[in-house]
Amino acid sequence: PPIFRWAGTLSCKWSIMISAFCRIAWLRLCFIRHREIDGADKFIDMLADTFDPSQYHDQFRERVKELTCLYSIAQLSDNQSLTLREKLSQIANLLPASWQFPEITVARIDLDSSTFLSDSYRDGNYRQKQNLVIQGAIRGKVEVAYTEWRPEFIEGPFLEEEFSLLN
């Protein structure tokens with residue numbers, strides 16, 4: 001069905017989860033129409049038991065935090081009553097809540113000669129940075145750091161999706 005193609009466009013983890021769920025639903029529909037197949041109900045129940053949505057709860061929570069951050073940044077961008085300095089200051093404060101460990105996350109935005117720090121900013125040893133490129137010129141950077149050690153994932157303690165969010 002078309003939903004399988006749509007699920008394939010998502011990140012691998014989400015694609016697997018959605019695809020598995022849709023396949024179970026699709027098989028149930030197919031077997032409802034063909035009840036004469038012996039053991040179909042047991043087979044479908046066995047497939048459904050192997051799919052446990054609760055294992056994806058943490059991943060789902062992290063994606064919600066990332067989407068909330070993007071939505072909040074979009075709202076700030078549309079707010080004509082705020083200056084660029086005010087927007088960047090608020091964005092620096094939004095970023096830490098979107099990372100996996102917000103309690104130890106700090107953010108810094110450098111643009112030209114101005115620096116905007118999250119309220120709880122202090123130097124962190126584990127950093128990820130992205131250049132701010134405006135009209136083809138590097139004019140600053142966005143940096144997110146952890147102030148304490150955390151287990152390693154893709155590159156240091158940061159999730160792959162956090163790299164995507166920073167980009």
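This is a chat about a predicted model of one protein chain.

User: Hi! What ground rules apply to the values here?
Analyst: The model is predicted, so local features need pLDDT of at least 70 and side-chain atom pairs count only at pLDDT 80 or more, while totals for chains, interfaces and linings use all residues. Residues are numbered from 1 along each chain as its sequence is written, and side-chain values use heavy atoms, with hydrogens and water left out.

User: What pLDDT does the chain average?
Analyst: The average is 76, and 65% of the residues score at least 70. pLDDT is the predictor's confidence in each residue, from 0 to 100.

User: And which elements have the lowest and highest mean?
Analyst: Helix H1 (residues 2–7) is lowest at 42, and strand S2 (residues 114–117) is highest at 97. Over residues 1–16 the pLDDT is below 50, though this stretch has 20 contacts in the model beyond near neighbours in sequence. A contact means heavy atoms within 4.5 Å.

User: Okay, what's the pattern along the sequence?
Analyst: It reads α-α-α-α-α-β-β-β-β-α, with six helices and four strands. These are DSSP runs numbered from the N terminus: helices are H or I with at least four residues, strands E with at least two.

User: How do H4 and H5 cross?
Analyst: The axes of H4 (residues 57–78) and H5 (residues 84–94) come within 10 Å and cross at roughly 170°. The two helices are therefore roughly antiparallel; that label needs an angle over 145 degrees. Axes are lines fitted to C-alpha atoms over the stretch in contact, and angles run from 0 to 180 degrees between N-to-C directions.

User: Which residues meet there?
Analyst: Ser-72, Ile-73, Leu-76 and Ser-77 in H4 meet Lys-87, Gln-90, Ile-91 and Leu-94 in H5.

User: Switching topic: which residues touch the most others in the largest nonpolar core?
Analyst: Leu-95, Trp-99, Ile-109, Val-144 and Tyr-146, out of 20 core residues. Such a core is a set of buried Ala, Val, Leu, Ile, Met, Phe, Trp, Tyr and Cys residues joined through side-chain atoms within 4.5 Å. Buried means under 20% relative accessible area, exposed over 50%, and partly exposed in between, with a 1.4 Å probe and protein chains only.

User: What does Ile-109 touch?
Analyst: Leaving out residues up to four places away in sequence, its partners include Leu-88, Ile-91, Phe-116, Leu-132 and Val-142.

User: Last one: is Ser-113 buried or exposed?
Analyst: Exposed, because its relative accessibility is 74%. Ser-113 lies in the loop between S1 and S2, and its C-alpha is 9.0 Å from that of Arg-139, 26 residues apart in sequence.

How values were computed. Parallel < 35°, antiparallel > 145°, perpendicular 65-115°, else oblique.
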